[in-house]
Amino acid sequence: YQLVGQTYLEMGQPRQALPYLEYYAQNASKMTEGEFYQLGYAQYQEGDYQKAVKNFEQLDNVDSELGQYAQFYRADSYLRMGNKTSAFSSFRAASRMDYDSELREDALFAYAKLGYELKKDREALLALQSIQRNSKYYSEAQTLMSEIFLNTRDYQRAMKILEEIPNKT
């Protein structure tokens, strides 16, 4: 069952994979990290975010590329369920792992943006300041930083950042 589910998943057919992976999960005495990830990913792809989160949680302490992806998809699942606080924490965890640099960058920006939305200015600023100039998120990060400085009435820092934005809108 696990092998059939994995094959469907590899073929990009999570809907067909799900019944096999779920049957395997219900009947297996023990599952590997990869099996929890596959099941969670199939559930995520099919929009069953609550179940996906539970399976991605099984990879909480896994410091690997698989763990980084699990944290990222778990965060996105939380976000889709409207739980920004939990999404914030999971994006932070994914952004602190260095296995996939593009995923790390996406997680870092999502973490910073949620920090801004949740009024966690200090965490948001630290994350936004670490976004590199060559990042696809750089301009938007600079804009968010200036908004935080304006909201906190730190007008000098806001102006400094605004003046340095290369393509002002």
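Helix 7 buries L103, D106, A107, L108, F109, A110, Y111, A112, L114, G115 and Y116 (buried means under 20% relative accessible area, exposed over 50%, partly exposed in between, with a 1.4 Å probe and protein chains only). The model is predicted, so local features need pLDDT of at least 70 and side-chain atom pairs count only at pLDDT 80 or more, while totals for chains, interfaces and linings use all residues. Residues are numbered from 1 along each chain as its sequence is written, and side-chain values use heavy atoms, with hydrogens and water left out.

**Helix 7 itself**

- The cover over the buried residues of helix 7 includes helix 5 (65-80), helix 6, helix 8 and helix 9 (138-151); helices are DSSP runs of H or I with at least four residues, numbered from the N terminus.
- The 17 residues of helix 7 should span 24 Å at 1.5 Å a residue, and the end C-alpha atoms are 24 Å apart, which agrees (the expected span is 1.5 Å times one less than the number of residues).

**Helix 6 against helix 7**

- The axes of helix 6 (residues 84-95) and helix 7 (residues 101-117) come within 8 Å and cross at roughly 145 degrees; axes are lines fitted to C-alpha atoms over the stretch in contact, with angles from 0 to 180 degrees between N-to-C directions.
- Helix 6 brings K84, A87, F88, F91, R92, A94 and S95 to this contact, and helix 7 brings R104, A107, L108, A110, Y111, L114, G115 and E117 (contact means heavy atoms within 4.5 Å).
- Sorted by type, the contact residues come out as 9 nonpolar, 2 polar and 4 charged; Ala, Val, Leu, Ile, Met, Phe, Trp, Tyr, Cys and Pro count as nonpolar, Asp, Glu, Lys and Arg as charged, and the others, Gly among them, as polar.

**Aromatic pairs**

- Searching the whole structure turns up 15 aromatic pairs: rings of Phe, Tyr and Trp (its six-membered ring) with centres within 6.5 Å, called stacked under 30 degrees between planes, edge-to-face over 60 and tilted for the rest.
- Y1 and Y20 make a tilted pair, 5.9 Å centre to centre with 35 degrees between the planes.
- Y1 sits in the segment before helix 1 (2-10) and Y20 in helix 2 (residues 14-27), so this pair ties together parts 19 residues apart in sequence.
- Y1 is exposed at 52% relative accessibility, whereas Y20 is partly exposed at 29%.
- Y37, Y41, Y44, Y49, F56, Y69, F72, Y73 and F91 are linked into a cluster by ring pairs.

- K119 lies in the loop between helix 7 and helix 8 (121-129), and K119 counts as exposed at 65% relative accessibility.
- Phi of K119 is near 65 degrees, a positive value in a non-glycine residue.

How values were computed: Helix = DSSP H or I, 4+ residues; strand = E, 2+ residues; numbered from the N terminus.
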